[in-house]
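Hi everyone, thanks for letting me go first today.

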Amino acid sequence: MDEAAELRKRIRSLIPARPGAQREFAAAIGLDETKLSKSLKGTRRFSPHELVRIAEYSGVTVNWLLNGSDDAATVTAVPAPTARSRSPLAEGPPDEPRRRILETAWKLIAERGYHRVRIADIARECGTSTAAIHYHFPTKDDVLTEALRRNVKLAFDRQVAELHAIDNAHERLVRLVELQLPTPGLLRDEWSVWLQVWNESTLNPAMRALYWDSYDRWFRTIAMTIRRGQEQGVFREQDPDHITTQLSALIDGLGIQVLTGKPGSSVSQMRTLLRDFIDRNIVER
């Protein structure tokens with residue numbers, strides 16, 4: 001069975017075997033039922049965005065969808081076990097209330113700030129009780145911890161879905177950077193959560209290990225892309241970790257300037273500066 005057929009088989013396994021389940025699944029991932037049916041039959045390809053939505057809704061990773069394992073070697077570094085959310089594949093069917101609570105809490109933290117969000121706010125937005133929130137997340141710190149893990153999963157899924165078909169390391173690195181720009185919407189919300197995690201890990205030593213395990217995946221992804229480019233002869237020979245430190249620091253600094261509204265800063269300017277850095281310091285001439 002080829003890779004595309006295996007992908008379809010895995011997605012079918014996520015859809016309950018009962019009348020109307022495929023229609024409900026299509027609605028949940030924001031896809032027309034006819035398009036879902038065509039994709040499952042192999043007459044239409046799933047887009048990267050659709051793979052991400054399927055993974056998010058089902059509680060699996062895009063790596064599992066494409067390669068059959070969360071830990072399969074792929075185009076991006078795999079998260080450390082400590083930086084992963086609970087896996088429904090290992091623990092049974094997806095926990096819909098928990099998923100909905102986490103998505104709501106994550107969004108509130110991104111929009112309002114961790115210290116301005118109360119458990120009662122999360123409960124109200126979910127239409128449930130504070131006791132129900134505490135059942136899934138005993139403390140407020142647990143909410144932030146899982147919000148960080150959700151950030152890691154969102155980035156991992158997005159990168160695997162978008163980059164798995166790009167072989168040229170230069171193109172892959174440019175696309176990887178593009179996928180990290182704090183554009184309005186989901187990516188800006190991810191950046192907002194990261195900023196608050198940075199702040200909390202500065203003040204709370206207990207959070208630092210998880211933060212570094214989470215950030216390390218991003219660092220290793222850049223470094224492995226640069227190593228791949230060196231193997232292909234499109235990137236100059238230099239210490240991959242050293243140049244990754246420079247590039248990741250530049251991304252972080254520019255991203256903070258955009259999010260904090262530094263005069264003159266913008267996503268467009270950030271993109272230009274990062275591509276200029278890659279051309280001047282990484283690409284083989």
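Let's start with residues 118-137, where the end C-alpha atoms lie 13 Å apart. That span is 75% helix and 0% strand, with helices (H or I, at least four residues) and strands (E, at least two) taken as DSSP runs and numbered from the N terminus. UniProt lists 118-137 as "DNA-binding region", in an unreviewed entry. UniProt positions are given in the numbering used here, feature names are shortened, and annotations may be inferred rather than shown by experiment.

Quick housekeeping: this is a predicted model, local features need pLDDT of at least 70, side-chain atom pairs count only at pLDDT 80 or more, and totals for chains, interfaces and linings use all residues. Residues are numbered from 1 along each chain as its sequence is written, and side-chain values use heavy atoms, with hydrogens and water left out.

Now find helix α8, residues 119-126. Which residues in α8 are buried? They are Ile119, Asp121, Ile122, Ala123 and Cys126. Buried means under 20% relative accessible area, exposed means over 50%, and partly exposed is in between, using a 1.4 Å probe and protein chains only. An α-helix has 3.6 residues a turn, so residues three or four places apart point the same way. The buried residues of α8 pack against α7 (96-112), α9 (130-136) and α10 (140-163). Just after α8 comes Gly127, with a positive phi of about 70°.

There's a glycine after helix α4 too: Gly59 follows α4, and its phi is positive, near 80°. Helix α4 covers residues 48-58, and its buried residues are Glu50, Leu51, Val52, Ile54, Ala55, Glu56 and Ser58.

The other UniProt label is "domain: HTH cro/C1-type", listed for residues 22-65, again from an unreviewed entry. Here the end C-alpha atoms lie 17 Å apart, and the span is 70% helix and 0% strand.

Next, how helices pack. Two packed helices are described by the angle between their axes and the distance between the axes. The axes are lines fitted to C-alpha atoms, for helices over the stretch in contact, and angles run from 0 to 180 degrees between N-to-C directions. Helix α2 (residues 21-28) and helix α3 (residues 33-41) pack at about 105°, with axes 9 Å apart. So α2 is roughly perpendicular to α3; the cut-offs are under 35 degrees for roughly parallel, over 145 for roughly antiparallel, 65 to 115 for roughly perpendicular, and oblique for the rest. On the α2 side, the contact is made by Gln22, Arg23, Phe25 and Ala26, and on the α3 side by Glu33, Leu36, Ser37 and Leu40. Contact means heavy atoms within 4.5 Å.

Now jump to helix α12 (residues 186-203) and helix α13 (residues 205-232), whose axes come within 7 Å and cross at roughly 135°. That makes α12 oblique to α13. Look for Trp194 and Trp198, among the α12 residues that meet α13, and for Tyr211 and Tyr215, among those on the α13 side.

Last stop, helix α1, residues 3-13, which is the place of Ala5. Is Ala5 buried or exposed? Ala5 is buried, because its relative accessible area is 15%. Leaving aside neighbours within four places in sequence, Arg10 is in contact with Trp64, Leu65, Leu66, Asn67 and Gly68.
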